[in-house]
Amino acid sequence: MYGLLGEKLGHSFSPEIHSMLGNYEYRLFEVEKNELENFIKHGEWDGINVTIPYKKTVMSYLDEISENAQKIGSVNTVVRRSDGTLFGDNTDYYGFLYTVKRSGINFDGKKVLVLGTGGASLAIKTVISDLNAGEIISISRSGENNYQNIKNHADADIIVNTTPVGMYPKNLVSPVKASDFTRLSAVFDIIYNPQKTQLVLDAEKLDIPAFSGLSMLIAQAKRASEIFFDKEIDDSVTEKILKKVSTDMKSIVLIGMPGSGKSSIGTFLAEKTGREFLDTDEEAEKIAGSSPAEIIKAQGEKSFRKIENEAVKSICKLSGKIIATGGGVVTNEDNFDAIRQNSTVFFINRDISVLPTDNRPLSQKNSLDDMFKIRLPLYRKFCDFEIDGNGTIEEVAQRILERIDSK
């Protein structure tokens, strides 16, 4: 029996990851603080990973702690040995080191800001120190270096976020503004859901290399599995799992002109893949109590775009869905980050000569040619892939599935 120990776990991808690492049961153990000692000493488990807020607390209950974990000052992996003794180690170190090596970013001599002072930050600062960083500054809510005076460190080369700020379900917020830093050359965020936090998205807009926490999550899980069973696992397994989990987590978002078949294609894809189908127009109607066409006719396009943005933020923070959007979703810049944070975005480019205009007030009011000329560069800005939208629903959907499989 293996699993993840924490106080409040919610949804976790750890069981899925461990199921791909070996044939063993992996559960989620939500344990209150007053029950922690009894769970550690007498719980029915053979090995556990430890997360917030117990990475330091569990250390007092262990019989032996690895030299690496002692150096770091926190434990996130515990094994019950055959003689009943408890051994603790820290695989966050391995996970973050794997992410850094995979990124190709050089920490040697660099000034690094580490946001947060929790258990994960201890392992990460140890990695950064071992990579010969020139200066490591910890930023906390209080203390000498805090978020009020963080501009004193505007010359930082690298930022690593170890806080939960921006994590699902509180998406699209960032602990700092990437644009405030004049020498920034890389950003790491250990959050993995969403795969692109606001901090990562902001860095990408500035052409700064930015990396999420998903590879760290999987690499540390691989190392934990090695410790559980005293058996080495090749890094190629990490990459295989990373590709699958990343693809499974990301929603497929469809954008394109009104009438280009997004809802029909999305419905077909949902049936084909077993994913849930969602439509931002339908969500907007739930919010407003009126259809998009009715809202536009009664209140104007501007009012509808605000409601649509609420719908986009609500739906696009979710994982593993098929999502169809309204034709004008790209005309609102506020939708860009919401759509891009956890999705692979496909632009369905269908010949405008065959697009229907019934019950579409904007298509009826404006020239489709003029509308398309304005929106085409926006569709291409928002999307990851442009798909030929001509042909049957099945043909277009198949093109999308082939593109996903080839990633």
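Modeller: The buried residues of α8 pack against α1 (14–21), α4 (92–103), α7 and β12 (251–255), contact meaning heavy atoms within 4.5 Å. This is a predicted model, in which local features need pLDDT of at least 70, side-chain atom pairs count only at pLDDT 80 or more, and totals for chains, interfaces and linings use all residues. Residues are numbered from 1 along each chain as its sequence is written, and side-chain values use heavy atoms, without hydrogens and water.

Colleague: Which residues of α8 are called buried?

Modeller: Thr-238, Ile-241, Leu-242, Val-245, Ser-246 and Met-249 are the buried residues of α8, each with under 20% relative accessible area (1.4 Å probe, protein chains only).

Colleague: What puts them on the same side of α8?

Modeller: Their arc around the axis is only 130°, and therefore they lie on the same side of α8. The arc is taken over directions from the helix axis to the C-beta atoms.

Colleague: What span should α8 have at 1.5 Å a residue?

Modeller: The expected span is 1.5 Å times one less than the number of residues. For the 15 residues of α8 (residues 235–249) that gives 21 Å, and the end C-alpha atoms are 21 Å apart, so the two agree.

Colleague: What makes up the lining of the largest pocket, by class?

Modeller: There are 20 nonpolar, 17 polar and six charged residues in that lining, with Gly counted as polar and Asp, Glu, Lys and Arg as charged. Of the 43 lining residues, Thr-51, Ile-52, Thr-162, Pro-164 and Met-167 lie nearest the centre of the pocket. Helix α7 supplies the largest share, three residues.

How values were computed. 1 Å grid on protein atoms, 1.4 Å probe; cavity = no way out; pocket = protein on both sides within 12 Å on 5 of 7 lines; lining within 4 Å. Helix = DSSP H or I, 4+ residues; strand = E, 2+ residues; numbered from the N terminus. Buried < 20%, exposed > 50% of the residue type's maximum accessible area, 1.4 Å probe, protein only.
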